[in-house]
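Work through the exercises below with the sequence and the model at hand. Each task is followed by a solution in steps.

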Amino acid sequence: MNRMTATVIAIAAGLLLVGCAPSADEDSAAQTTQPGLTVAEAKRVAQGVEDAIVAKLPETMVSSVEQRATGILLPCDADRGYQWTGRTIVTLTESTSPESVVDEVLTAYEDDDEFRPRDITDSVGPAVQLLGPYGSGYIVGRRAANAVDVASFSPCFVLPEGSSPSIEY
């Protein structure tokens, strides 16, 4: 198993556990899935938050941004509940470290009403997790010495019968 696969599995496992945690939004805490949310809307929400996270970084930190066009679905509820998962790769400028990006994101979201930031730095490297409504989560963490990943896990939604959770969306 390569390092990238291990990282994705670790992130997914962590977010599945987070999905059981109380939400930042008390109204959604009683419900694990966001009513009426479709796959396309979940993808739009997740990619929009990825964009918002990157937009909070000073331009002097960012060399380039590449948002993946497709993602996969991960289960988040026993009753056909799924999350759309995606990724944005942010290449950093020469003078920027992944640690400084994590610090910037922690500071940017410290008083946010929708997302609760949590420093999840470990032996793999610096990382911050943003916990959102309906089990959504976003992780900004070291990809390389000059890059960070912004991994997204949309709000949990019900995948309609007849739709496959096994294809990329």
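**Exercise 1: Fold and totals**

The model is predicted, so local features need pLDDT of at least 70 and side-chain atom pairs count only at pLDDT 80 or more, while totals for chains, interfaces and linings use all residues. Residues are numbered from 1 along each chain as its sequence is written, and side-chain values use heavy atoms, with hydrogens and water left out.

Next come the totals. Of the 169 residues, 41% count as buried; buried means under 20% relative accessible area, exposed over 50%, and partly exposed in between (1.4 Å probe, protein chains only). The accessible surface comes to about 8,700 Å², and carbon and sulfur atoms hold 52% of that area. Areas come from the Shrake-Rupley method with a 1.4 Å probe; for residues, only the protein chains shown count as cover. Among contacts (heavy atoms within 4.5 Å) between residues at least 6 apart in sequence, 64% join residues at least 24 apart.

**Exercise 2: Salt bridges**

Task: find how many salt bridges the structure holds, and trace the partners of Asp149.

Solution. The structure holds 4 salt bridges, each defined as a side-chain nitrogen of Lys or Arg within 4 Å of a carboxyl oxygen of Asp or Glu.

Step 1. Asp149 pairs with Arg87 at 3.8 Å, N to O. This pair links distant parts of the chain, with Asp149 in strand 7 (residues 147–153) and Arg87 in strand 3, 62 residues apart. Both Asp149 and Arg87 are buried.

Step 2. Asp149 also forms a salt bridge with Arg143, the closest N and O atoms being 3.1 Å apart. Through shared partners, salt bridges join Arg87, Arg143 and Asp149 into one network. Asp149 counts as buried because its relative accessibility is 9%, whereas Arg143, at 29%, is partly exposed.

Step 3. Glu161 and Arg80 form another salt bridge, with 3.7 Å between the closest N and O atoms. Glu161 lies in the segment after strand 8 and Arg80 in the loop between strand 2 (72–77) and strand 3 (81–92), so the pair ties together parts that are 81 residues apart in sequence. Glu161 is exposed at 68% relative accessibility; Arg80 is partly exposed at 23%.

**Exercise 3: Surroundings of Val158**

Task: list which residues Val158 touches, not counting residues up to four places away in sequence.

Solution. Val158 is found in strand 8 (residues 157–158) and, at 41% relative accessibility, is partly exposed. Val158 touches Thr33, Leu37, Asp79, Arg80 and Gly81, sequence neighbours up to four places away not being counted. The C-alpha atom of Val158 is also 9.4 Å from that of Cys76, which is 82 residues away along the chain.

**Exercise 4: A charged patch**

Task: identify which residues gather in a patch of negative charge on the surface.

Solution. The patch consists of Glu110, Asp111, Asp113 and Glu114. Patch residues have over 30% relative accessible area and no salt bridge, and like charges are joined within 9 Å. Asp and Glu count as negative, and the charge is placed at CG of Asp or CD of Glu. Glu114 is partly exposed, with a relative accessible area of 43%, and sits in the loop between helix 4 (98–108) and strand 4 (116–119).

Key:
Patch = residues over 30% accessible without salt bridge, like charges linked within 9 Å, V, L, I, M, F, W, Y side chains within 5 Å. Helix = DSSP H or I, 4+ residues; strand = E, 2+ residues; numbered from the N terminus.
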